[in-house]
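Biologist: Could you take me through this structure? I would like to begin with the charged side chains and then turn to other topics.

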Amino acid sequence: MPSINMVALRRAEKRRQENNIRKIVYAILGEIGVFVLLLTFMSARMFGINGQIGDLDNKLQKLQPKVTAIQALQQETSKLMPKVTTLASAKGDTLFWYDSIYAVTRSLPSRTWLTSIGTQGSTPSAAAAPATASAAPAGDAPTLSVSGVALNQGAVGEAMLHMNHEPSLESVDLAYVQSQKTGTTDTVAFQMTVHLKQPAAPAVKGVSDAQKS
C-alpha cells in the first residue's frame, strides 16, 4: 500500500509540473505574439512616417524657389525702408504746415488779408526723432508768424477768436495792431504768433517687420 501511494503522488506531481511548464510556454508564446504585433505596428507606423517625410521634402523642394524669391524681396524692402521712412516724414511735415496755414486763412473774416507768413519750430518728424548723444536736441514748438491788414481792430479780434477754435491751432498771441492808411482807406496792420498743436509723427507700416527680417 505505501508504494502504491508514492507512485500516485509522483504521477500527480509530474502532471502538475507538466501543466506548469505548459502554462509557462503559453505565456512565453503570448508575449512573443504581442511583441510581434507591436513590432509590426511600429514598423508600419515608421513606414508611414517615412512616407510623410518624403512627401514633405518634395513639397519643400517645390516651395524653395518661392521662399528664395520672398527672402530676396524682404532684403530689397529692407534696403528701401530708409527712403520710404524719409518720404513718409517729408509728406507728414508738408501736410502739417499746409493744414496749419489753411486753418489760419479760413479763420480770417471778410476783407482781411495776409501779407506774410513765416514758419518756426520743429516739424512732427524732427520732434519724434530719437535723441542720441551726438544729436542736437529738438527745437521749439512749431509756430506761424502771421502779418496782415484788416479794416479795423474788430476784424483782427474776430480772426483770433476763430483761430482759437481751430482744432489744429493751440493758441494765438497778438504782437501788435497799428493804424495805417492803405491808399485812401483807413486800415490796421497786425502781426500775431500762432502756436500749432504738435501731432504724432506718422508711422510707416512694414518698417518693423522688414527690420526683423
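Biologist: Is Arg 106 buried or exposed, or something in between?
Modeller: This is a predicted model. In it, Arg 106 is partly exposed, with a relative accessible area of 45%.

Biologist: Which residue does Arg 106 form a salt bridge with?
Modeller: Its partner is Glu 166, and the closest N and O atoms are 2.9 Å apart. The pair links distant parts of the chain, 60 residues apart. Arg 106 sits in the loop between H1 and strand E1 (112-120), while Glu 166 sits in the loop between helix H3 (153-164) and strand E3 (169-182).

Biologist: And Glu 166, buried or exposed?
Modeller: Glu 166 counts as buried because its relative accessibility is 13%, and the cut-off for buried is under 20%.

Biologist: How many salt bridges does the structure hold?
Modeller: There are three. One of them joins the side chains of Arg 16 and Glu 13, at 2.3 Å from N to O. Another joins Asp 186 and Lys 181, at 2.8 Å from N to O.

Biologist: Where do Arg 16 and Glu 13 lie?
Modeller: Both lie in helix H1, three residues apart, which is about one turn of the helix. Arg 16 is partly exposed at 45% relative accessibility, and Glu 13 is partly exposed at 35%.

Biologist: What about Asp 186 and Lys 181, buried or exposed?
Modeller: Asp 186 and Lys 181 are both exposed.

Biologist: Changing topic: which strands pair with E4?
Modeller: Strand E2 (residues 143-150) pairs with strand E4 (residues 185-196) in the antiparallel sense, over eight bridges. E3 also runs antiparallel to E4, and twelve bridges join the two.

Biologist: Which residues stand opposite each other there?
Modeller: Ser 145 stands opposite Thr 193 in E4. Gln 178 stands opposite Ala 189 in E4.

Biologist: What lies between E3 and E4?
Modeller: E3 and E4 form a hairpin with two residues between them. Gly 183 is in the turn and has a positive phi of about 70 degrees.

Biologist: Where does Ile 21 lie, and is it buried or exposed?
Modeller: Ile 21 lies in helix H1 (residues 2-105). Ile 21 is exposed because its relative accessible area is 53%, and exposed means over 50%.

Technical notes. Residues numbered from 1 in each chain as written. Predicted model: local features only at pLDDT ≥ 70, side-chain atom pairs only at ≥ 80, totals over all residues. Heavy atoms only, no water. Helix = DSSP H or I, 4+ residues; strand = E, 2+ residues; numbered from the N terminus. Buried < 20%, exposed > 50% of the residue type's maximum accessible area, 1.4 Å probe, protein only. Salt bridge = Lys/Arg side-chain N within 4 Å of Asp/Glu carboxyl O. Pairing = 2+ DSSP bridges.
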